[in-house]
Amino acid sequence: MFNLGSKEPVIAKARTLIERPPAEIFRYLGDGFFENYPKWSPEVIELECITDGPVKLGTIARQVRIDQGRRSETKFTINIYERDKRLGFVGVSDPFLCIYELREINSGTAELIFTFELSEIQLFMRPFEKLIRVVVQEGAERTVRNLKQLTEASKAVSPNPPRP
């Protein structure tokens, strides 16, 4: 009778080549997660680690985001932590998941593949499903663009700058 939209998950995937080895990208992405996540995802206005210690499998965090003018607060858990290869997190009470995968292309270049999945669209949002899919895909593409720019820019910083 009423078209309430599908119950299919919204999945966005984007990829890019980064002229950095996977280990260096992972240091930025995984080891530096709490410092750097708001840089590559500027929608994150607050980020807090709830568990103690470094980022690892099982780390729990809280974030506050403003997406398309809408403020949301979520908790998530690091559910994938494979050094130099994959980092993923999943919503604790919200139905989303993010996965960052790194594949070595050659000794100085890696492919970054980012996947975002929203496993369920709230009933009141289902009439806007097509728009949500477009916005989520644009967000995934922006994420890999930002990560590429940030990680490649750090390459230009020399640990020992020349003296005048």
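Are Phe33 and Phe89 buried or exposed? Phe33 is buried, and Phe89 is buried as well, where buried means under 20% relative accessible area, exposed means over 50%, and partly exposed covers what lies in between, with a 1.4 Å probe and protein chains only. The model is a predicted one, in which local features need pLDDT of at least 70 and side-chain atom pairs count only at pLDDT 80 or more, while totals for chains, interfaces and linings use all residues. Residues are numbered from 1 along each chain as its sequence is written, and side-chain values use heavy atoms, with hydrogens and water left out.

**Overall fold**

The chain has three helices and seven strands, taken as DSSP runs numbered from the N terminus (helices H or I of at least four residues, strands E of at least two). Along the sequence these elements follow the pattern β-α-α-β-β-β-β-β-β-α. Of the 164 residues in the chain, 38% are buried. Among contacts (heavy atoms within 4.5 Å) between residues at least 6 apart in sequence, 49% join residues at least 24 apart.

**Core and aromatic residues**

The largest nonpolar core has 32 residues, and those with the most contacts inside it are Phe33, Trp40, Phe89 and Tyr100; such a core is a set of buried Ala, Val, Leu, Ile, Met, Phe, Trp, Tyr and Cys residues joined through side-chain atoms within 4.5 Å. Elements that give two or more residues to this core include strand S1 (10-18), helix H1 (22-31) and strand S5 (86-91), while the largest share, five residues, comes from H3. Leaving aside neighbours within four places in sequence, Trp40 is in contact with Tyr28, Leu29, Phe33, Tyr100, Thr143, Asn146, Leu147 and Leu150.

Across the whole structure there are 16 aromatic pairs, counted when rings of Phe, Tyr and Trp (its six-membered ring) have centres within 6.5 Å, with planes under 30 degrees apart called stacked, over 60 edge-to-face and the rest tilted.

| Pair | Centre to centre | Angle between planes | Type |
|---|---|---|---|
| Phe33 and Phe34 | 5.3 Å | 90° | edge-to-face |
| Phe33 and Phe89 | 5.6 Å | 65° | edge-to-face |

Because Phe33 lies in helix H2 and Phe89 in strand S5, their pair ties together parts that are 56 residues apart in sequence. Phe33 has a relative accessible area of 0%, whereas Phe34, at 24%, counts as partly exposed. Phe33, Phe34 and Phe89 belong to one aromatic cluster, whose members also include Tyr28, Tyr37, Trp40 and Tyr100.

**The largest pocket**

The largest pocket has a volume of about 1,200 Å³. On a 1 Å grid over the protein atoms alone, a pocket is an open set of points where a 1.4 Å probe fits, with protein on both sides within 12 Å along at least five of seven lines, and lining residues have an atom within 4 Å of a point. Its lining consists of 35 residues, of which Asp67, Arg70, Phe116, Leu118 and Val136 lie nearest the centre. Strand S3 (60-67), strand S4 (70-82) and strand S7 (109-118) are among the elements that give two or more residues to this lining, and the largest share, eight residues, comes from H3. The lining divides into 19 nonpolar, eight polar and eight charged residues, with Ala, Val, Leu, Ile, Met, Phe, Trp, Tyr, Cys and Pro counted as nonpolar, Asp, Glu, Lys and Arg as charged, and the others, Gly among them, as polar.

**Lys130**

Lys130 lies in helix H3 and, at 72% relative accessibility, counts as exposed. The C-alpha atoms of Lys130 and Val10 are separated by 9.5 Å, although these residues are 120 residues apart along the chain.

Note on methods. Grid points are joined across faces, edges and corners, and a volume is the space filled by probe spheres set on the points.
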